[in-house]
Amino acid sequence: MVASHSEPKAGRPLNAHLDHRNPLVFDTHELGRRPGALQRLTRSVGAPKDLGLDGVIGVPEGAPVDLRLRLESVMEGVLVTGTARATAKGECVRCLEPLELDVAADFQEMFSYPAADDRGRAKAEPADDDEDDEDTLYLEDGLFDLESVLRDAVVLALPMQPVCREDCPGLCPQCGIRLEEDPDHNHDAVDIRWAALQGLAGTIQDGEKDNTGDAAESGVDEKQEK
């Protein structure tokens, strides 16, 4: 499934220069702005910070992420299609045990050529009347940064409710014991309609014990008087 973006992503300002040494920055100069030109790339990179669902599951920072990319030159820019594979870590929502999950996230994104003025120079700022510009990602000197696209794709590929396995029995709701460790674990169910009567019966029994104790003490006192 190709990742789609549910929230608008701000286009990168054209004066915020990309660093070609960043492993998530890619160079498209070999395509030469020739529509139809293709380039295939594979790269293993360290996961950026906060790659996943905060507090639920994610790819640890620095963990390997394997990328397979297809770069295609089109009239508007460079169309990037790819797959990211990594291992996410989190916690089972049923038994709260640590878990690991192999993730494969597909994505596709267009990186547009920056608009040019009448002298062919890249404009520093997008036009005010361009409503789509907030959703546009731009090439900068033939470079593009894949981090925001990778983040969106991985988040969409991760489960919102991760489990260690589909039939995980979870925890006992009454005492919290892991049911996997004790499959026969159970608690005697008490019908709430009888709970009040059981309490009353306990009170009566306690009262009878007290009365018996008082009678015994009275008999001892009578014998001592005689």
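Helices (H or I, at least four residues) and strands (E, at least two) are DSSP runs, numbered from the N terminus. The model on your screen is predicted: local features need pLDDT of at least 70, side-chain atom pairs count only at pLDDT 80 or more, and totals for chains, interfaces and linings use all residues. Residue numbers start from 1 along each chain as its sequence is written, and side-chain values use heavy atoms, leaving out hydrogens and water.

**Whole chain**

Colour by secondary structure. There are two helices and nine strands. Along the sequence they run β-β-β-β-β-β-β-β-β-α-α. Of the 226 residues, 29% are buried. Buried means under 20% relative accessible area, exposed over 50%, and partly exposed in between, with a 1.4 Å probe and protein chains only. Now consider contacts, meaning heavy atoms within 4.5 Å. Among those between residues at least 6 apart in sequence, 65% join residues at least 24 apart.

**Stop 1: two loop residues**

Select Asp141. It sits in the loop between β8 and β9 (143–145). Its phi is positive, about 55°, although Asp141 is not a glycine. Most residues other than glycine have a negative phi. Asp141 counts as exposed because its relative accessibility is 61%.

Next, select Arg33, in the loop between β1 (25–27) and β2 (38–46). Arg33 also is not glycine, and its phi is positive, near 55°. At 56% relative accessibility, Arg33 counts as exposed.

**Stop 2**

Select Thr83, in strand β6. Show side chains. Thr83 and Asp106 are joined by a side-chain polar contact of 2.8 Å. A polar contact is a pair of N or O atoms within 3.5 Å; within protein, one must be able to donate a hydrogen and the other to accept it, and residues adjacent in sequence count only if both atoms are side-chain atoms. Beyond its neighbours within four places in sequence, Thr83 touches Asp66, Leu67, Arg68, Ala105, Asp106 and Phe107.

Move to Gln108, in strand β7 (residues 98–112). Gln108 lies 25 residues from Thr83 in sequence, and the C-alpha atoms are 8.9 Å apart. The Gln108 side chain makes a polar contact of 3.0 Å with the side chain of Thr81. Gln108 is partly exposed, because its relative accessibility is 36%.

**Stop 3: helix α1**

Select residues 147–157, helix α1; Val149, Leu150, Ala153 and Val154 are buried there. Look down the axis: these buried residues fall within an arc of 125°, so they line one face of the helix. The arc is that of the directions from the helix axis to the C-beta atoms. An α-helix has 3.6 residues a turn, so residues three or four places apart point the same way. What covers the buried residues of α1? The cover includes β3 (51–53), β4 (57–59), β5 (64–73), β6, β7 and β8 (137–138).

**Stop 4: the cavity**

Select Val59, Val65, Ala84, Arg85, Ala86, Val103 and Val154, which line the largest cavity. On a 1 Å grid over the protein atoms alone, a cavity is a set of points where a 1.4 Å probe fits but cannot get out; lining residues have an atom within 4 Å of a point. The count is one cavity of 30 Å³ or more. The largest has a volume of about 30 Å³, the space filled by probe spheres set on points joined across faces, edges and corners. Strand β6 (residues 77–91) gives the most to this lining, with three residues. By class, the lining has six nonpolar, no polar and one charged residues.

Methods. 1 Å grid on protein atoms, 1.4 Å probe; cavity = no way out; pocket = protein on both sides within 12 Å on 5 of 7 lines; lining within 4 Å. Nonpolar A, V, L, I, M, F, W, Y, C, P; charged D, E, K, R; others polar.
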